[in-house]
Amino acid sequence: SDMAELCVRSVLVTGANRGIGLGLIQHFLRMPTPPQWVFAGCRAPQRAQELRNLASKHSNLVIVPLEVADPASIKAAAVSVGERLAGSGLNLLINNAGISKINSIDTETLEDMTQVYTTNTVGPLLLGQSFLPLLKKAAQESPGSGLSCSKAAIINMSSSAGSIKDVYVWELAHVISYRCSKAALNMLSKCQSLAYREHGILCVAFHPGWVQTDMGGSGSYKPPLTVDASVGGMLKVLSSLSEKETGTFLDWEGKVVPW
């Protein structure tokens, strides 16, 4: 198995009810040695039918109510995850929840810019703050001085749509607020990598590829990548990351994406 090296006891995925988030949950549950705890954060657990079906079959899957735009919800989630972990740490925080508003530069508004930035950039900042004690604990439990995803890591789901050099698929979608929020998330990832390195926590920003999801599909154009291919690729890359990669921006194949 490609994912044999990724050996995590506990993982939290935000925005886990559909798309890439749900794909990540499914892959973690299918691992030869699955995590002891897979925490699936989502805004409306009562409506997350696929997650609920999975939870009925997998006792290690815990659905956590989590609205990443609400600081109180983030704090409550950290408390409930901490209680489940019962003294051990959280190895992997995957900040996957994100939103997009289909606006051009002429139609972009204060409200949409603010809402998208709050979810896509401020959310991952606050999640890092609230889950830092659990991530630090996981790093302390893992021997050795190196960094790895099996030890403790924050993975921020970014997009090369936020690459200032690439400005990926501009001709198909301007999505100004989304692009700005992801460019800012990239800077946050770099800042987290510098601030949390001393605690033994690896931080990277990921471009999952342009994936066939509810959010990714725009009109008549079909994105090139399935959720399964993207998630499988990302987990393979995660298993190989070390301190050399902390603070970098990588894609689902492990290639460096330009800032």
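I take a salt bridge to be a side-chain nitrogen of Lys or Arg within 4 Å of a carboxyl oxygen of Asp or Glu. I am working on a predicted model, in which local features need pLDDT of at least 70 and side-chain atom pairs count only at pLDDT 80 or more, while totals for chains, interfaces and linings use all residues. Residues are numbered from 1 along each chain as its sequence is written, and the side-chain values use heavy atoms, with hydrogens and water left out.

Entry on salt bridges. I looked up how many there are and found three in the structure. Glu-253 and Lys-255 are joined by one of them, at 2.8 Å from N to O. For accessibility I call a residue buried under 20% relative accessible area, exposed over 50%, and partly exposed in between (1.4 Å probe, protein chains only). By that scale Glu-253 is partly exposed at 45%, and Lys-255 is partly exposed at 48%.

I then turned to Asp-228 and Arg-30, whose closest N and O atoms are 3.4 Å apart in a salt bridge. This pair links distant parts of the chain, since Asp-228 sits in helix α6 (residues 227-240) and Arg-30 in helix α1, 198 residues apart. Helices (H or I, at least four residues) and strands (E, at least two) are DSSP runs, numbered from the N terminus. Asp-228 is partly exposed at 46%, whereas Arg-30 counts as exposed at 52%.

The remaining pair I noted is Arg-43 with Glu-67, a salt bridge at 3.9 Å from N to O. Arg-43 lies in the loop between β2 and α2 and Glu-67 in the loop between β3 and α3 (71-85), so the pair ties together parts that are 24 residues apart in sequence.

Entry on strand β2. I checked residues 37-42 and found six of the six buried, so this strand is largely enclosed by the rest of the structure. In a regular strand the side chains alternate between the two faces of the sheet. In β2 I find Trp-37, Phe-39 and Gly-41 buried on one side, and Val-38, Ala-40 and Cys-42 buried on the other.

Entry on pairing. I count two strands as paired if DSSP finds at least two bridges between them. β1 (residues 10-13) pairs with β2 in the parallel sense over four bridges, and Val-13 stands opposite Ala-40. The chain passes from β1 through helix α1 (residues 19-30) to β2 in a right-handed β-α-β crossover, meaning that, with the strands pointing away from the viewer, the path from the first strand over the helix to the second runs clockwise. β2 and β3 (residues 61-65) run parallel and are joined by five bridges.
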